Amino acid sequence: MTLDGGRPTEVGLRLTPTALDGLPASGTTLMLDFPDQAADTAFDHVMLNWNPQGHEPPELFGRPHFDFHFDMVDMATIDAITPDDPAYAAKAEKLPEARYVPEDYAVPPGPPVAAQAVPAMGVHLVDSSDTSLVPGEYDFTQIIINGVWDGRYIFVEPMITRDWLLTGPSLEQPLKLPESYQETAYYPTTYAVRVDQETEEYVVSLGGLTMREAS
């Protein structure tokens, strides 16, 4: 969490230099609360997933990688995304108005929306304008996914391979943004991955936080 005169400018997660060593052979999930200083941002917590065999669809995302879900709803809401909910399919299929979703992001083609919903996460959206996302040909290193659930835009998700992090990358790029926002808060405009030269920590962050009014 970075502040400028009390105003939030960046949220993110740091991984120690040894965090990429000795990772478990099975998938792992950590839920990490943001500090109180993040209360005015759109974000409640980060869900960090380690996927040693990658995940679906394997022809795109089959490499060992981390998922960083920057969630805009609380943990109780995330936990309630379960097939045990009788309204699970209906909530999955209730997509937000297009103006509340980042430009070009859409449900991937193929199975029905409800079939693509992931418990304890939601429905994942990909950048429909990204012509590199060709199954069997895509060279996955890092990508931004977005997510929705029950009519709300609920997460920004950098997905980053372990191998790419180990190269010590230095990346900063603009995020694709919605036209409108469902809640008043500070929202990010940029995404960055870097290594802190002093601490040698890997830093994954969403920056350029800007106040947006609900409309």
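D104 sits in the loop between α3 (88-93) and β6 (105-106); helices here are DSSP runs of H or I with at least four residues, strands are runs of E with at least two, and both are numbered from the N terminus. This is a predicted model, in which local features need pLDDT of at least 70, side-chain atom pairs count only at pLDDT 80 or more, and totals for chains, interfaces and linings use all residues. Residues are numbered from 1 along each chain as its sequence is written, and side-chain values use heavy atoms, with hydrogens and water left out.

D150 is another non-glycine with a positive phi, near 50°. The loop between β8 (142-149) and β9 (152-161) is where D150 lies. Then there's the peptide bond from E56 to P57, which is cis, with omega near -15°. P57 belongs to the loop between β4 and α1 (58-61).

How much of a few residues can the solvent reach? The table uses these classes: buried is under 20% relative accessible area, exposed is over 50%, and partly exposed is in between (1.4 Å probe, protein chains only).

| Residue | Relative accessible area | Class |
|---|---|---|
| D104 | 31% | partly exposed |
| D150 | 30% | partly exposed |
| A115 | 56% | exposed |
| L209 | 3% | buried |

**The chain as a whole**

Overall, the chain has 5 helices and 14 strands. Its radius of gyration is 17 Å, close to the 17 Å of the globule rule for 215 residues, so the chain is as compact as a globular protein of that length. That radius is taken over C-alpha atoms, and the rule is 2.2 Å times the number of residues to the power 0.38. Along the principal axes, the C-alpha atoms fill a box of roughly 50 × 45 × 35 Å.

Of the 215 residues, 46% are buried. Take the contacts (heavy atoms within 4.5 Å) with a separation of 6 or more: 61% of them join residues 24 or more positions apart.

On charge, there are 11 positive and 34 negative side chains, and the centres of the two sets lie 4 Å apart. Lys and Arg count as positive and Asp and Glu as negative, leaving out His and the chain ends.

**Aromatic pairs**

Searching the whole structure turns up 9 aromatic pairs. Rings of Phe, Tyr and Trp (its six-membered ring) pair if their centres lie within 6.5 Å; planes under 30 degrees apart are stacked, over 60 edge-to-face, and the rest tilted. One of the pairs is F34 with F70, stacked at 6.3 Å centre to centre with 25° between the planes. It links distant parts of the chain: F34 is in the loop between β3 (28-33) and β4 (45-51), F70 is in strand β5 (residues 65-71), and the two are 36 residues apart. Both F34 and F70 are buried. F66 and F68 make a tilted pair, 6.1 Å centre to centre and 40° between the planes, and both of these are buried too. Ring pairs also join F34, F43 and F70 into a cluster.

L209 is in the loop between β13 (202-207) and β14 (210-212). Leaving out residues up to four places away in sequence, L209 touches R7, P8, T9, E10, V11, T41, Y186, Y187 and P188. A115, in helix α4 (residues 113-116), has its C-alpha atom 22 Å from that of I143, 28 residues away along the chain.

Notes. The place of a charge is taken as NZ of Lys, CZ of Arg, CG of Asp or CD of Glu.
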